[in-house]
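Here is a short report for a first look at this structure. Keep the view open while reading.

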Amino acid sequence: MKREIISLQEVTFTYAEEDIGIRPAIQNVSYTINEGEWVAIVGHNGSGKSTLARLMNGLLFPQTGTVRIFGEPLNEHNLWDTRSKMGMVFQNPDNQFVGATVQDDVAFALENNGIPFEEMVERVHASLAKVKMSDFMNSEPHHLSGGQKQRVAIAGAIALQPSILLLDEATSMLDPQGREEVLQTVHELRKETDLTVISITHDLEEALLADRVIVMNQGEKYATGSPHEVFERGQELIDLGLDLPFAMNMSRLLRAQGVQLVADHMSEEELVNDLWTSHFNK
């Protein structure tokens with residue numbers, strides 16, 4: 001059985017803001033993430049999912065409850081050591097770039113962590129190769145497309161050889177092609193390593209790729225399960241302000257028009273196969 005890598009135990013966090021007063025963001029949330037899992041945390045704006053990301057990487061500490069990383073309670077004493085094992089990719093890649101070239105940017109965190117030069121060069125080349133960005137090593141980051149920028153950001157994160165990759169709305173500003181590039185990169189990285197992936201997202205197409213989905217609503221854990229188990233809730237998710245995956249929406253529209261389908265399909269491939277088998281392959 002895989003070891004526990006992140007655990008939240010009855011965690012509560014409340015913001016105190018001058019204009020609106022006390023605002024509960026996370027209320028009594030508990031969950032565990034095991035090594036090698038891909039867990040998607042989804043929810044509408046204000047559901048608490050971004051606060052969870054900050055609690056897991058130590059930007060915030062809970063008022064009550066405990067956050068454990070690698071079995072140890074996260075605190076100010078072990079914060080920097082814990083962060084060194086966690087790669088972060090944020091919503092806007094431009095906010096992460098500090099180097100004049102792609103390779104300079106990937107090398108930045110390695111240099112700050114005191115990695116010897118020869119090893120640093122090897123890691124930069126290897127991480128850029130993994131995200132298929134070797135040909136852009138000497139390019140200026142601001143000349144890249146959105147998807148390419150995020151792949152470089154991922155390269156910078158994995159160059160540190162983390163155990164955990166945390167994606168905080170990392171695909172929300174990308175066009176469909178850029179989103180597909182980034183998610184395919186993460187998928188391939190997981191096949192090659194035992195990387196644990198946590199994606200904070202409102203994109204249910206992205207959540208489909210996860211092993212497990214946690215749905216947040218108004219600061220509380222609303223539901224958890226496999227993508228299939230969670231998306232079967234259908235109208236419940238819509239009522240929470242979430243959308244359903246494209247194939248599931250299309251399945252529902254086709255049913256409304258009298259088209260008989262075996263099920264509401266999660267993926268486009270399943271939907272096409274059902275249509276082909278039931279209606280065209282006779």
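## Thr224 and its surroundings

Thr224 touches Arg212, Val213, Ile214 and Val230, not counting residues up to four places away in sequence. Contact here means heavy atoms within 4.5 Å. Thr224 sits in strand 10, residues 220-225. Strands are DSSP runs of E with at least two residues, helices are runs of H or I with at least four, and both are numbered from the N terminus.

Thr224 counts as partly exposed, because its relative accessibility is 39%. The classes are buried (under 20% relative accessible area), exposed (over 50%) and partly exposed in between, with a 1.4 Å probe and protein chains only.

## About the model

This is a predicted model, where local features need pLDDT of at least 70, side-chain atom pairs count only at pLDDT 80 or more, and totals for chains, interfaces and linings use all residues. Residues are numbered from 1 along each chain as its sequence is written, and side-chain values use heavy atoms, leaving out hydrogens and water.

## Thr185

Thr185 belongs to helix 6, residues 176-192. Thr185 counts as buried because its relative accessibility is 6%. Leaving aside neighbours within four places in sequence, Thr185 is in contact with Val131, Arg151 and Ile154.

## The largest pocket

The largest pocket has a volume of about 690 Å³. A pocket is found on a 1 Å grid over the protein atoms alone: an open set of points where a 1.4 Å probe fits, with protein on both sides within 12 Å along at least five of seven lines. Points are joined across faces, edges and corners, and the volume is the space filled by probe spheres set on them.

The pocket is lined by 23 residues, each with an atom within 4 Å of a point. Met88, Phe90, Gln96, Ala109 and Leu160 lie nearest its centre. Helix 2 (79-83), strand 6 (86-89), helix 3 (102-112) and helix 5 (146-158) each give two or more residues to the lining. Helix 3 gives the largest share, five residues.

## The whole protein

The protein has 11 helices and 10 strands. Of its 282 residues, 47% count as buried. The C-alpha atoms fill a box of roughly 65 × 50 × 45 Å, taken along the principal axes. Among contacts between residues at least 6 apart in sequence, 62% join residues at least 24 apart.
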